[in-house]
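The structure is shown first.

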Amino acid sequence: MLILIRYTTIIMVLMSAAAAIAQPTVKKNNDEILINQWLDLARDFENENMDSAAYYYQKGGALADRVNSYDGKMKYAFGYSVVLNAKSNFSESEKILRQALALARKNEDALNTAKALVNVGNVFNYKGLFDSAYVYYVEAIPFLKKADATHFLDILYSNIGVLLENAGRDEEAILYYDKGYAIAAELNDSARMATVLNNKGIVLNSLRRLEDAIATFKKAVELAGEDLGILGSAYSNLANAYQLKKQNEPALMNYKKALQIFEKLGDDGGRGQALIGHAIVYFNLNNPLQAEKFAEEALRYLQAQPASRLELYKLLADIKFGLNKHAESRDFFSKYIDLQKEIQGQEIQETIINAEKKFQLAQKEEELAVKELQLTRSELNNRKKNSYLIITAVIILALVVISFLFFRNIRQRNKLFEIERDNLEKEKEVSVLKANIDGAQAERSRIAKELHDDLGTGLTSIRFLAERMARQNDPEQKEDAGKIRKSAQTLTEQMNEIVWSMNTESDSLADLLIYMRAKVAAFLDENETEFSFQVPSQIPDKKVSGFFRRNVYLVVKEATHNAVKHSGTTRVDVWIKTEPELVIHIKDYGAGMPSGNDLNTGHGIRNMKQRVLALGGRIEINQEDGTIVTLTVPYIET
Amino acid sequence: MERKIKVSIVEDQQIIRKGIRDLLNSSDHFLCLADYGDAERALDDIPKNIPDIVIMDIQLPGMSGTACISRLKTDFPGIQFIMFTIYENSEQVFEAIQAGASGYLLKSETNEKILESLQELYDGGAPMNARIAKKLVMAFRGGEERTDESGVESNAYNISQRENEVLQLLSTGFLYKEIAEKLHISVGTVKQHIHRIYDKLHVQNRTEALNKYFGKARV
């Protein structure tokens with residue numbers, strides 16, 4: 001169970017590691033930054049170099065596509081569509097914006113959905129498809145409100161106003177402009193306020209509410225401030241209002257200001273409009289030469305603007321007619337007529353194209369829906385496939401991990417097995433060695449025992465032979481026999497002690513003390529000496545070697561023998577302490593040790609010292625109302 | 001003239017055997033009834049010449065002294081067996097005691113001591129040493145445990161409180177004299193206690209042997 005949990009944990013850790021690799025957030029962040037940098041750079045180029053702007057927009061867009069950056073894709077679509085619109089590449093602009101719209105809708109992103117709708121509306125607006133534009137703009141309103149993005153609502157209202165204006169619904173247009181202005185004012189955005197006012201003023205102009213228009217444009221000029229495009233338009237519009245009011249001086253002055261700004265901006269359309277304004281004012285001032293000069297100059301800048309050109313052709317026809325250049329006047333007039341027809345035809349065509357486009361649009365939307373469905377399906381399939389892949393990967397991973405662990409386990413077990421085997425072999429060797437030693441020991445014991453038995457039997461035989469000899473009547477022989485018998489007995493006794501010390505069954509401290517007590521007590525009793533023994537009631541269970549037992553016993557025996565034989569005592573007290581070391585006191589109440597010259601005691605003491613030293617112990621002999629022999633012996637682990 | 005104590009000897013060493021025989025015969029109280037060089041001959045002859053005491057050598061060629069005692073003690077519980085040994089080899093002595101011996105006699109003892117021991121034995125005493133006493137204490141303790149299991153309260157050997165005390169003191173190396181002083185009894189009483197301990201041990205063994213023979217369960 002524990003192993004299972006361990007495996008599971010390992011798999012989880014590996015999976016989370018894999019997940020971390022699958023989502024390189026750091027890299028993604030780097031890409032986002034790069035996309036933003038490129039798109040911002042593109043927007044900065046918009047006012048200076050459209051091609052550079054286009055280049056960076058494409059670059060940023062491509063990267064956004066590659067790393068599938070939603071924000072990047074949106075920013076690219078809205079920015080690049082502006083450039084495409086400026087280049088009149090409306091179809092490309094529309095395509096990009098529709099993709100952005102679909103993406104924003106899919107993500108349920110209200111703000112970007114609104115922006116996309118407004119921008120698609122703008123494209124239709126630029127193309128003159130005002131009905132379509134109007135639909136998109138109005139559709140955008142609820143999304144902007146949902147996104148709580150009222151700060152774009154002013155632009156939207158302003159744009160709707162333009163559309164209403166173009167549809168001839170001027171009063172409604174003014175209402176929308178006022179709504180837009182209110183929002184822009186709330187936002188305190190003077191540029192946007194100026195833009196709305198420009199639009200509103202144009203409606204007022206066309207309604208010939210010139211006083212209102214002039215006031216509106218003047219305000220726009222004030223608010224435009226640094227924004228030269230808006231300022232130029234404001235001056236141009238103000239000039240138009242003055243011109244319509246036949247106030248030529250202020251009209252001309254404002255046209256001049258507008259022309260200067262548009263020249264500065266390189267805005268050909270604005271320039272052309274300002275030049276037309278100049279021409280009209282001079283024409284009104286009965287200065288056809290000046291008028292001709294400005295009109296012809298305007299013609300150069302208005303090639304791309306058929307509506308303005310139409311107005312200009314008519315003006316030029318009038319100017320030339322006033323200058324008595326009838327042929328040229330006719331020429332311009334016919335140009336005017338042709339263009340008018342063309343524009344009308346174009347309008348019809350555009351309506352047809354518009355209808356066709358709307359149809360194609362519907363078709364496209366259907367296709368897109370189908371494609372989206374397919375995409376969703378394939379995505380689902382992919383996901384399924386991916387999940388299969390992930391599951392397979394996890395299973396493989398798990399198998400690899402498990403087999404690795406298994407392998408390791410086996411290896412460890414093998415190792416353990418080897419160690420165990422080695423240990424066993426070592427043990428075997430040790431046991432063989434031990435058996436050999438034990439065998440040798442046993443053999444030695446056997447030999448020793450046999451030797452002891454033979455010796456004992458021999459000594460006993462000698463002793464009985466000596467006794468038989470003692471029964472002879474020769475007193476000298478009797479004495480010798482007695483000595484032989486005595487020697488044999490002493491030797492047998494000593495043999496007895498050796499046999500005892502060699503008996504491993506007696507290898508305990510208790511056995512030593514009991515044996516010693518019995519022997520010493522018997523000896524003292526035989527020699528009619530009073531005695532006492534103090535032995536702890538609980539003798540610790542300690543194993544002591546034969547060597548230890550023999551030496552301790554012999555030292556105590558020697559000490560008691562010395563006391564009895566040499567001190568002349570009538571009493572011996574022995575007391576024993578067993579912990580932490582073995583301490584034995586032997587006290588007699590005799591005359592004390594004779595001076596060291598005594599050969600027997602001298603030899604005996606030296607013997608005792610040697611034996612105690614051999615055990616790593618010490619012996620003290622103190623004279624105090626007799627003699628106290630104290631031997632202290634540490635237990636040596638055997 | 002008082003009755004002499006009849007003693008037979010089983011000892012393979014001719015010199016020793018002869019030495020003991022001479023020792024006994026030189027005494028006023030003992031009579032050497034027979035001497036045997038091996039256990040087989042003893043086993044064969046003793047039923048015909050029943051002594052009071054048998055001095056039995058532990059190490060014999062062929063049948064061991066212990067085995068010989070074991071056979072004879074069953075049929076002749078009245079005979080006292082005493083082990084004759086060079087060393088106080090507790091294992092062998094203890095085995096012999098269990099088989100029916102009433103103590104041991106060291107071959108290195110003086111003549112006086114040998115005769116004294118035999119007299120003691122005959123009078124109802126028993127020679128014993130600390131280590132044999134210890135072994136007996138352990139044997140009796142084992143017996144106690146056995147009876148505890150079978151639910152019988154008295155110990156298997158019927159060792160009395162006093163006998164147990166004597167045995168305990170003996171096992172810690174006390175001399176008979178010391179035990180007597182400690183328990184306020186005479187040395188003779190101590191010896192009698194020991195003798196009875198031997199008897200009880202042997203009775204127990206005989207009962208076991210009989211039960212074995214009849215296949216009857218012990219209480």
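Arg196(B) is partly exposed at 36% relative accessibility, where buried means under 20% relative accessible area, exposed over 50% and partly exposed in between (1.4 Å probe, protein chains only). The model is predicted: local features need pLDDT of at least 70, side-chain atom pairs count only at pLDDT 80 or more, and totals for chains, interfaces and linings use all residues. Residues are numbered from 1 along each chain as its sequence is written, chains are lettered from A and ligands numbered from 1 in the order in which they are written, and side-chain values use heavy atoms, with hydrogens and water left out.

**Salt bridges**
- Over all chains there are 34 salt bridges, each a side-chain nitrogen of Lys or Arg within 4 Å of a carboxyl oxygen of Asp or Glu.
- Arg196(B) pairs with Glu163(B), with the closest N and O atoms 3.7 Å apart.
- Glu163(B) lies in helix H7 (residues 161–171) of chain B and Arg196(B) in helix H9 (residues 187–214) of chain B, so the pair ties together parts 33 residues apart in sequence; helices (H or I, at least four residues) and strands (E, at least two) are DSSP runs, numbered from the N terminus.
- Glu163(B) is buried, with a relative accessible area of 2%.
- Asp35(B) forms a salt bridge with Arg17(B) at 3.0 Å, N to O, and another with Arg21(B) at 3.5 Å.
- Arg21(B) is in helix H1 of chain B and Asp35(B) in strand S2 of chain B, 14 residues apart.

**Cysteines**
- The whole structure has 0 disulfides, a disulfide being a pair of cysteine sulfur atoms within 2.5 Å.
- Cys32(B) is buried at 12%, and Cys68(B) is buried at 0% relative accessibility.
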